[in-house]
Structures are given as structure tokens and as C-alpha cells.
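Could you walk me through this model in the viewer? I would like to know what to select next and what is there.

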Amino acid sequence: MEACILLVEDEEKLARFVELELLHEGYEVDKAMDGRTALNMALEKDYSLILLDIMLPELSGMEVLRRLLKVKDTPVILLTARDAVMDKVSGLDAGAVDYITKPFAIEELLARIRVALKRYDSGALKRAKEPAAAMDAAGVPAEEGVLRWKELELSVPKHSVTYAGHSIDLTNREFMMLQILLENMDIVLSRDTLLEKVCGYEYLGETNVIDVYVRYIRSKIDEVFDVHMIQTVRGVGYVIKSN
Ligand code: CA
């Protein structure tokens, strides 16, 4: 069965160019030029994949993403402006499976599409929507799963984090990242390793997303409880040390 892709892009020339490349690769392609039309189309038809620009007229790409994923599990790759790290992070948190920064090489976009289609068609990886899926992705058995550092307690089954009994509110990806660092106590993890584990598969490059997550976690834990939990190892990555 041919994969059908919804391409949402309001820059006409870019949309046309990408459409031709996708058709050439043998995909079926539908196009939308604004957010509202895109959302309606995406709700109506079950696309294999959606390529979604963030800056759109009528309804922003982020809003389309949020509303769509409330109803459906369609994999979405975001097309983001250069250096819009916050967009990328909030896009991933909102449930996009990947993003690509404009301007992009068409080969890279095609590669990411192939990865996403393979990944989400086969059902090999469940979307990390519920904590249970996040747990499976990190390979942690649900029965055990309480990790500790000083007065911090992360419970995988409860999907909760507390410090000295105070509850800490983390996003799914912040939680996964903290979990992975705690599971690998005293082992320095590279940004690449963290990215792969936290985001599920090979993000080519873009490891600054990890720095953003570390900053968020530090602002919610280290700064609030005056501890130095996540340590930066320059030129290598991050580690939580047992003492
Ligand atoms: Ca645009």
C-alpha cells in the first residue's frame, strides 16, 4: 500500500518542490496551505505521515499538532525555522515524531520520512503518549522502577518525581531523560546517546535539544532544592553522580 503524505506548507514554491520530490519517490501527496484546512484534512483522512510547517496562516502548526493528536496518532514531522529551538522542544513535547530545520536538503527530509514511516507503520515503537509507552521505550520493567538520588525519588510505575516529598512536575521527555540519567548513575552519557534514548531514534545532529531539557530539569530541581544533580562533563555529556 502506498504511503499517503499530507504536506502542509504555505510557501508555494517550497510546497511545490517538496511535492514533486515526494511524488517522484512514489508517495501519494495531498497539500494544504493553511492550518485550518490542514487540520480538517488530517482529521478526515488517515494519512501515513504529515509534514507540518509551524508558521502557517489561520491556525499555527503547533495548534494543528495539538488538536490533531488529541484525536489521532498520525506521525507528524515539523518543518521549523532555523534556530527555533523552543519550537522544536515544544513540538516534540506536543507529540511530533521529528522535525527538520529549514532550509533543508531534500535527501535529509526523505531520509527522515522513511525512518518515520518504517518506525510508525510497523508499530515497532508505541507513541510515548502515556507513561506506559515511555517506560517500554526506555526498557524498564514496570514492577521495579523506583530510582533514587539523595532525597529525589523517581517512580516509573507512578510516573512521578518527588524531592524530599515535594512533587515535581516534569514533561514526558524531561521525565525520560531524568530516568535514563538515574538508571545510568555515575556513567557519563553523551548528548547523542541521550537524544537517541529520549527522542526514540536517530535525530541527525540537533543535540542542543538535550541541553534545553537539562536546563528545564535543573530549573525545576537543582535550582529549587539547591542541589547539583545533573553534572555537565565538558565535551562529553551529562552524568548524575551517586556521591
Ligand atoms: Ca510558513
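Contact here means heavy atoms within 4.5 Å. Keep in mind that the model is predicted.

With that in hand, select L178. Leaving aside neighbours within four places in sequence, L178 is in contact with L152, L154, V161, L170, I217, I221, M229 and I240. Now widen the selection to the largest nonpolar core, which has 56 residues. The members that touch the most others are L178 itself, together with I50, L52, L152, M177, I221 and M229. Next, colour I5, A15, V97 and L110: these are among the 22 residues of a second, separate core.

Time to visit the metal. Select the calcium ion and display its donors: D10 (OD), D53 (OD) and M55 (O) coordinate the ion at 2.1 to 2.4 Å. Along the chain, these donors follow the spacing D-x42-D-x1-M. D10 sits in the loop between β1 (4–8) and α1 (12–24), while M55 sits in the loop between β3 (49–53) and α3 (61–71), so this pair ties together parts 45 residues apart in sequence.

Which residues are buried in α3? They are G61, M62, V64, L65, L68 and L69. Turn the view to look down the axis of α3: the buried residues fall within an arc of 155°, so they line one face of the helix. To finish, select K70 and V71, which are exposed on the other side of α3.

Note on methods
Residues numbered from 1 in each chain as written. Predicted model: local features only at pLDDT ≥ 70, side-chain atom pairs only at ≥ 80, totals over all residues. Heavy atoms only, no water. Donors = N, O, S within 2.8 Å, 3.2 Å for Na, K, Ca; no water. Helix = DSSP H or I, 4+ residues; strand = E, 2+ residues; numbered from the N terminus. Core = buried A, V, L, I, M, F, W, Y, C linked by side-chain atoms within 4.5 Å. Buried < 20%, exposed > 50% of the residue type's maximum accessible area, 1.4 Å probe, protein only. Arc of directions from axis to C-beta.
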